[in-house]
Protein chains: 6
Amino acid sequence: MSRLTHFDDAGAAHMVDVSGKAETDRVAVAEGWVKMSAETLDIIKSGTSKKGDVIGIARLAGIMGAKRTSDLIPLCHPLPIARVAVDLTVDDALPGLRVTATVGTAGRTGVEMEALVAVSTACLTVYDMAKAVQKDMQIGGIRLLSKTGGKSGDWKASPP
Amino acid sequence: MSRLTHFDDAGAAHMVDVSGKAETDRVAVAEGWVKMSAETLDIIKSGTSKKGDVIGIARLAGIMGAKRTSDLIPLCHPLPIARVAVDLTVDDALPGLRVTATVGTAGRTGVEMEALVAVSTACLTVYDMAKAVQKDMQIGGIRLLSKTGGKSGDWKASPP
Amino acid sequence: MSRLTHFDDAGAAHMVDVSGKAETDRVAVAEGWVKMSAETLDIIKSGTSKKGDVIGIARLAGIMGAKRTSDLIPLCHPLPIARVAVDLTVDDALPGLRVTATVGTAGRTGVEMEALVAVSTACLTVYDMAKAVQKDMQIGGIRLLSKTGGKSGDWKASPP
Amino acid sequence: MSRLTHFDDAGAAHMVDVSGKAETDRVAVAEGWVKMSAETLDIIKSGTSKKGDVIGIARLAGIMGAKRTSDLIPLCHPLPIARVAVDLTVDDALPGLRVTATVGTAGRTGVEMEALVAVSTACLTVYDMAKAVQKDMQIGGIRLLSKTGGKSGDWKASPP
Amino acid sequence: MSRLTHFDDAGAAHMVDVSGKAETDRVAVAEGWVKMSAETLDIIKSGTSKKGDVIGIARLAGIMGAKRTSDLIPLCHPLPIARVAVDLTVDDALPGLRVTATVGTAGRTGVEMEALVAVSTACLTVYDMAKAVQKDMQIGGIRLLSKTGGKSGDWKASPP
Amino acid sequence: MSRLTHFDDAGAAHMVDVSGKAETDRVAVAEGWVKMSAETLDIIKSGTSKKGDVIGIARLAGIMGAKRTSDLIPLCHPLPIARVAVDLTVDDALPGLRVTATVGTAGRTGVEMEALVAVSTACLTVYDMAKAVQKDMQIGGIRLLSKTGGKSGDWKASPP
């Protein structure tokens, strides 16, 4: 039966032993969004071109956030991240910004958490930068889209 | 008209000057959730009592995450946090866990971001600890519930 | 004759070159304890089951502390930790808590310091959480129990 | 009756609210030691004058460690440390090094943990720098010597 | 006679006691530059508008760097930074980029080091982002321009 | 034509993918200086022997700074540093201190930034420790001297 691998048989938390795992290329992709009013989105859109680059700053915060994953998530392994890309796109129908993060490593554990932390940090940074104009923005839809590499093999999310 | 205060008149990002603001008591409350299958929730529920305390670890991660806010969010001010509480409750209807964070300070800026970072970090930690049994959990509903104190006064979210 | 390897021939501190060393599996085990009154220990023991999980929190702090080793110890190499386990057991004869930490890596240097930092951080966290009821607790007995792997081979402490 | 203040009534960990406390001058003093062979101590003593300054490096590590306290100890408040001094003295009778740390702040909570973390980090750094010549050194005697300031008043340890 | 205040009478490093100092508004301004070929500068200039915003990223890195000052500089006090602005301007005569940082606090010690760390981090980030096209860029001219507030009063650099 | 590799084709910043690169031995050497009055230099020189070891502390800060590189420089990869040496030498003609840093790794990317951050941090620490006696010191001449290893091959700076 399925079990929570972050606990030993007695229920004590531990950082799982990955020393016996092979160093393979691993990639994880995650997504999320920040929902806001059309008015706030307009300010961000116009700002990007000349009055303040919210999207560029959120992208950078997401990339840097990925590097802090093992500091933030108690049982995550520190690992040499080999690649991070964070994309933010305007979705007028939401309305808001959609965030996707891709993280890669050549290591002994996956980078799912790094991708999810990158997405969360980018979303939180958007909130921080636009909260002076709108406090009731909402962050959601944070989920793993895919992972490749590692012993447990590839995985792909079903369409929402 | 409303504007993004994290940028100066030329559109360059800066950390806003708060040195002229008064040190007042400020409190912010935020919430979010992790949606999962009923089966995963059962494992977490049983785990809490004897096989591994997911909720206790996520709570601690949220508290510690609040302290890392100014490291993660580029234009946030570092400030002496005076109080952090993170609550996780089981919601069988979701099904999943609901997270609420309350952060207080006696400082010159608000702690909205600290409360939101606490919620996000707790949710991400739940994901990390349960991802071995379910990869398609989703994190959402992250929003500010209320803030008190400071020049801009009190604010309360509308019911969802 | 024996010498302090963290200094070059002129006595200047440096971070020793390990680039020529092989990546081998390395494990280190360390221990320590927190001595307290029987009354304090009773509060911690009862707390673990229902009023606040000192042991669970100290365990987590120890695991997370191991990840901060190269931040804290000036000449330690940063390395990809592959495994951390921290055990706390009640010792009524001490009276107090005994802490053991096991850290593993597949790297170019040993993890003795990571194991010792994990033990120290767990002990300090116990002190922090119980200091409201007893200020004159004492932390001691912090020592390396064993190390395996690496060029200098295996080592095991003599019985105390 | 005494209780563990880091937990709420339901037993959940939280960072205690100190926003209502006054900002007063607070000082804490802690001590500890590293026991080693007379031979190792001789190497450190000679090293200090010309072949590598173990004591100077451990002192600096202790000072810097005090600044990381709220990162390491889960429920510690971040606070603006106003003063740190770390003294290491040779004790030929131990034989080994004795460490004392004094930390001060003008804040809303005490700095006991900062003083204890400074002592621990200095001791661990001594171990790291001398472990190439002796692996079975031992760290102990880590305790609070005194604290002044704050609502709970002054406190002084009994002689050992 | 003048002396190095970071050392006590015996020559041991310490973090100077500032608890008796008043909390006053303090501002420090520092500057520096990155010298490069006209060709590299052209790439950065064109990049800013459409192919990658080196200046925006360096500005953000400078702001975030200011927040890490007490982590980096061993005897610096951690303090609640109230304001950071980092300006980068193109100087075709250098040729290269000129960086100015302004940091403010309402605290017990000055923010000269925070301003200098902001400038250095912004310069280093420019180097990092342009090193693929030119490795022999040079960073220089890093100096304090002015400080105001605090017991030692205001200070202004002479023209270069 | 040359391009800035930290941006993708659309101009968005990303952390470049190095997962396909070989793990090779890489070494980078960088230098810089702190210019001061002959009087300040004399204080530092006498201090080193008995009244406070500015050079020893700056060396340590440089070594520890190298380990923080990926925290400070937004698009730098975290990597397992295998070696850091920082040398500070007195130059009476400058007058001031010259700093050289050598960093090595067995990794997938170079350590040029780590060497430059080590030099900068050491220079900034010298400034911090001597600023009580001279505020108009200047930091400059920060540049890469050489790099070896990696796909782009070896590189050596021209004489200044």
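1. Let's start with a pair that stays apart: chain A and chain D make no contact, where contact means heavy atoms within 4.5 Å. The closest C-alpha atoms of chain A and chain D lie 9 Å apart. Chain B and chain F do not touch either, and their nearest C-alpha atoms are 9 Å apart.

2. A word on the ground rules: this is a predicted model, in which local features need pLDDT of at least 70 and side-chain atom pairs count only at pLDDT 80 or more, while totals for chains, interfaces and linings use all residues. Residues are numbered from 1 along each chain as its sequence is written, chains are lettered from A and ligands numbered from 1 in the order in which they are written, and side-chain values use heavy atoms, with hydrogens and water left out.

3. Now to chains that do meet. Chain C and chain D each bring 53 residues to their contact. The size of an interface is often given as the accessible area lost when the parts come together. Here the buried area (accessible area, 1.4 Å probe, lost by two parts on being put together, summed over both) is about 4,400 Å² between chain C and chain D, with carbon and sulfur atoms giving 72%.

4. Which side chains form a salt bridge between chain C and chain D? C:Arg68 and D:Asp71 do, at 3.3 Å from N to O. The count between chain C and chain D is two salt bridges, each being a side-chain nitrogen of Lys or Arg within 4 Å of a carboxyl oxygen of Asp or Glu. Eight residue pairs are also in polar contact across the interface of chain C and chain D, both residues at pLDDT 80 or more. A polar contact is a pair of N or O atoms within 3.5 Å; within protein, one must be able to donate a hydrogen and the other to accept it, and residues adjacent in sequence count only if both atoms are side-chain atoms.

5. What does chain C use to touch chain D? The elements giving two or more residues are helix H1 (38-51), helix H2 (54-67), helix H3 (69-72), helix H4 (112-130) and strand S4 (138-148) of chain C. Helices (H or I, at least four residues) and strands (E, at least two) are DSSP runs, numbered from the N terminus. H4(C) gives the most, with 12 residues. By class, this side of chain C has 28 nonpolar, 12 polar and 13 charged residues; Ala, Val, Leu, Ile, Met, Phe, Trp, Tyr, Cys and Pro count as nonpolar, Asp, Glu, Lys and Arg as charged, and the others, Gly among them, as polar.

6. The strands join in too. S4(C) and strand S4 (residues 138-148) of chain D run antiparallel and are joined by two bridges; strands pair if DSSP finds at least two bridges between them. C:Ile142 has D:Ile139 as its bridge partner in S4(D).

7. Next, chain F and chain E. They bury about 4,400 Å² between them, 72% of it on carbon and sulfur atoms, and the count of salt bridges is two. E:Asp71 and F:Arg68 meet in a salt bridge of 3.3 Å, N to O. S4(F) pairs with strand S4 (residues 138-148) of chain E in the antiparallel sense over two bridges, and E:Ile142 stands opposite F:Ile139.

8. Finally, an annotation: the unreviewed UniProt entry lists A:Leu75, A:Cys76, A:His77, A:Met113 and A:Glu114 under "binding site". They are spread over 40 residues of sequence yet cluster in space, with a largest C-alpha distance of 12.6 Å. UniProt positions are given in the numbering used here, feature names are shortened, and annotations may be inferred rather than shown by experiment. A:His77 lies in the loop between helix H3 (69-72) and strand S2 (81-91) of chain A.
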